[in-house]
Amino acid sequence: MNKENFHMLEEEIRGKLLLPYLNDLGIDLSQIKLEESFTIQLGKTKHLIKGRADILCKANGKNLFIIELKSDSINISQKDIDQGISYSRALIDDIAPFTLITNGKTTRIFDSISRKELTGTKISENSDFWKNDYTLSTDVELRIRYEALKNFVSLSPENLKLFCEKQVSDRMQSIVGSISSPTSKFVKDLFLSRDDLQSDFLRFLKSDAKVYGLVGAAGVGKTNAICSLALSHLEKQFVFFYNAIIINKSPLDLISKDLNGEFSSKTESSTVLKKLDELGRFIDKDIIIFIDGIDECSNPKIYLELSEIALAVRNLERVKLCISCKSNIWSNVLEVKGSKTHLYEELCIFHKPNKNLNFNPGFLLNGFNDDELVKLIPIYRNAFGFKGEISLDLLKELRNGFFLRIFSEVYADQEVPSNIDDKELIQKYINKSLSITELGIQAGIRILAKIGKSLVNRNYTRLEADLDDSIDSIALLEELNFPFQEIFPEDLFSRNLLIRSNNKESETVNFYYSKIRDYIICFHSLKLDQLNNEQFYEIQEKLYQNHIGSSALDFYASNCSNLHKSVIIQFKKDKALQYVEAYDNYLDENFNKYKNLFDPKTVGKIGIIIPRDLIKGDGYAFCHLDENFENRVFQEDLTDPFLDLNRDDFMKMGVNTVYGTLKSFLIPDQSRKIKENLFKQLETLVKKGRLTTYDSDFLLFERLSLIVYFYFEQLGYGSKLNDFHIPRIDAIYPIDLNELKNRVYKLRAHYHFKLRMGLSSDRLLKEVQEAIEKNIEIPKLTFSGTIAIFEELFKIVDILLVRGYVKLDNHYLPVPDKKISDAKNLYDQDRAINLGFIRINQFSESRAKEYVESFFKQLEVCYKNFVDDNFPNFKNRFEFYNNCPHEYFFYLNSEQILKPGSFFGYRSSRTGKVEIHYSSISPKEAFYTEIAFNVDGLQVLMPFSFDKIISNSNQSQYEMAHPFDRLKTPKIDEFSILRNWVYKFLRKDLKLLFDEYKEP
């Protein structure tokens, strides 16, 4: 059949092709109309089919046939049939009951609903759709139309691209535009692809992960970025795009609508996604759903719905989700009523926790880098026509995409001044924006000023104070005395001056860009430029109470008069002095015994270093200070002090840490920040086991005995002692302390003359012997390694001698009473046996019980001594300490203390002394019932193994209290049992203090 001229064919189509079927259907030839173009419905998208190959036949105004005309040189294929039936099913009004495919030689006809071939049959009798007068149930029609869409997009890449382009175009319509449209968030002519984001997103598409999170501050370019991602994947994937700001229902409802309405009248969300997955598998393409600005969605349930969507796509093969959100709202999105959502779980599969997002998962989009700016400035210069050079300082400000847009709009077709301040730029942008609104400049600024004042005066919690937080819109309207049911003028949002956010169950309002907020607060809400010096000095402390006030002051410092700059400088100096004095005093009052372990690691007076430039500079550092030096505040360059190899001034001043911001001490309540800082340091010290005491004899005995045991040969006692996975510590007794002191003295003298004095071997022995004979005082050795251990031993021996100890006859705890050979035989019988089992089996049952009773009595004495010495001002808040002495209850497996599977607990003693009870209650009964608490009155119940009080080998590094800082002494660590248990209870007692003073 020749298709060169449709009009030549029309009579042939009517008379030869259709007449037999029209007669069968009882339709007169005069009642039909042929249309060479028709419209099909693809989801909510309408698409015009136009050309001589596809013809719609109508009868009395109703769709009847879709006719597919093929060249006579082409055989009719299944693809031709599928396309024709898809057109019939997707027609915008009625589904055409019949689809006719012909190449002039062969003609085939099909039922468009059932897809059954009707060629050679009476079509009027074989089409239920025709017989029922075009009537289908809703569910069947929806299924039919969905299959039409599925077939249409699978027929060719062009069809798929056509559908996606139309869907994305429709959904992006409200945010895409030109530079002449002030409300356009995505201007293609200004867009620059972010290479790091693109490569990260490609990795995501290749991974098995299902959910991607794009997060960033307002104005950084999230909408531009996610629009670009969607557009760049139109050809290779099946793309859906949604702008959350206009979503007032579930995203799944919109997806369903975009795919020919509801899939079913009883559709569940999981069904929609399963249908999508089926579609993806059918066309062998990934389905990517992009949702921009979820924090701006008016649907209050959006976060829960996204969580459920994330859960649903977890097990789907071809569906992926990409969402964008402002960084200050991100935590709220990922947590509901204190629990992490499924969205959080799915994001964690691809994204690592980001410390700049409160350790939440997500890709953090930052401002433009140098390379991106080099490419962007010419683009914006060409689009807006601004002229002249841009200074380096201004270039740094233009890293923020929104600020770059502000700058470009304000100086469009103008010469860029050599000096531009933020105030002037923001002021011009606000005036220009408001001047073209119905609201006007004065009324607009008046509303913005009230909002700014409300934000800065708000009573923030400690957690909120450091956040760039929004404020509930209803509460704000009430606070501003707006009339009932009045809303904020829409012009303020459309011109990107304000922004709405969905903060869980309420809508919140904030300024779109922080610099606009800062300008409004400084020059309109508080009118800082109109305050005298005294008033301005006083208001600074109030503003530093929260992030918003602090940010406003930073903005003002760059744009205020020189007189006010001098007030800012003096205020910061005064606060620095208050802070260092209070910090030093707190250390002296509470941690004086080990003050040198805290920053800046000195027992003496502490000074503080602040930046030379207190307007632009930031950070501070503590330093050592001579007692006679009156000045405590120093100004230095704090830029990379430890990276500049030519600088040693900080090292000489004893600086260990440079803190990133001095704002922590500009607030009214410095004491809170001081405690947060010091208790954070204390928590680290406790984790590392850095605290010790010399007031506990038993802790000294433990350390002394372990050093002597494991350094037996070096101390000159004899060859290495024989044991099997547990020290046979009784072998070192008795210990003559004076003799031990001489042995250690000899070692110290040896190290002194060899390492410190550098004597040769032939003189070394002579000098050591002479030192012993004359009892020459050897200065304290500060070397690391083994000598540090001997130096500690020397100190311990001296302390014990002063306390009247001369000879230690026996070990302070009962020792193993079974033969080493028995343990070795046990091991030889089963080399896979647990070493803990080997250790405990070197004790008899009776000896083990003796050990338990002695251990817990000595432990309580050690703990009391340790806390009294290190925490005199805090011990009244230590629960375990204040309940001493305790009674310990053991619930033993088969009433044997050496058997695993036991439990133990304790309560404050009712007899005034430490007591041990072996209960007849089984471990299982103690654990699964309340009897241990209700009857025995226990405060704590925990698993017990005898191995835990004879060895630390099963303890984690966090639980291990290393006796020697920065020294590897694994054997001493393993058997410093009393010390480790002291730290176990210390961590429990300190937890409340650590939690109370934890940084928000």
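Mentor: Let us begin with the words for helix orientation. Angles under 35 degrees count as roughly parallel, over 145 as roughly antiparallel, 65 to 115 as roughly perpendicular and the rest as oblique. Axes are lines fitted to C-alpha atoms, for helices over the stretch in contact, and angles run from 0 to 180 degrees between N-to-C directions. The model here is predicted: local features need pLDDT of at least 70, side-chain atom pairs count only at pLDDT 80 or more, and totals for chains, interfaces and linings use all residues. Residues are numbered from 1 along each chain as its sequence is written, and side-chain values use heavy atoms, with hydrogens and water left out.

Trainee: At what angle do the axes of α25 and α27 cross?

Mentor: Helices (H or I, at least four residues) and strands (E, at least two) are DSSP runs, numbered from the N terminus. The axes of helix α25 (residues 562-590) and helix α27 (residues 670-687) cross at roughly 50 degrees and come within 10 Å. The two helices are therefore oblique to each other. As for handedness, a crossing is left-handed if the near helix is turned anticlockwise from the far one by less than a right angle, and right-handed if clockwise; that of α25 and α27 is right-handed.

Trainee: Which residues of α25 and α27 meet?

Mentor: Contact means heavy atoms within 4.5 Å. From α25, K575, Q578, Y579, A582, Y583, Y586 and L587 meet Q670, K673, I674, K675, N677, L678, F679 and Q681 of α27. Eight of the residues in this contact are nonpolar, four polar and three charged. In this scheme Ala, Val, Leu, Ile, Met, Phe, Trp, Tyr, Cys and Pro count as nonpolar, Asp, Glu, Lys and Arg as charged, and the others, Gly among them, as polar.

Trainee: How are α27 and α39 oriented to each other?

Mentor: Helix α39 (residues 977-996) packs with α27 at an angle of about 160 degrees, the axes being 10 Å apart. The pair is therefore roughly antiparallel, and its crossing is left-handed. On the α27 side the contact includes F679, L682 and V686, and on the α39 side L986, L990 and F994 are among the residues. The contact of α27 with α39 comprises eight nonpolar, no polar and five charged residues.

Trainee: Which residues of α28 and α39 meet?

Mentor: F698, L699, E702 and R703 of α28 meet I977, L978 and R979 of α39. Four of these residues are nonpolar, none polar and three charged. Helix α28 (residues 697-710) and α39 pack at about 130 degrees, with axes 8 Å apart, and are therefore oblique to each other.

Trainee: Is H725 buried or partly exposed?

Mentor: Buried means under 20% relative accessible area, exposed over 50%, and partly exposed in between (1.4 Å probe, protein chains only). At 31% relative accessibility, H725 counts as partly exposed. H725 is in the loop between α28 and β24, and its phi is near 70 degrees, a positive value in a residue other than glycine.
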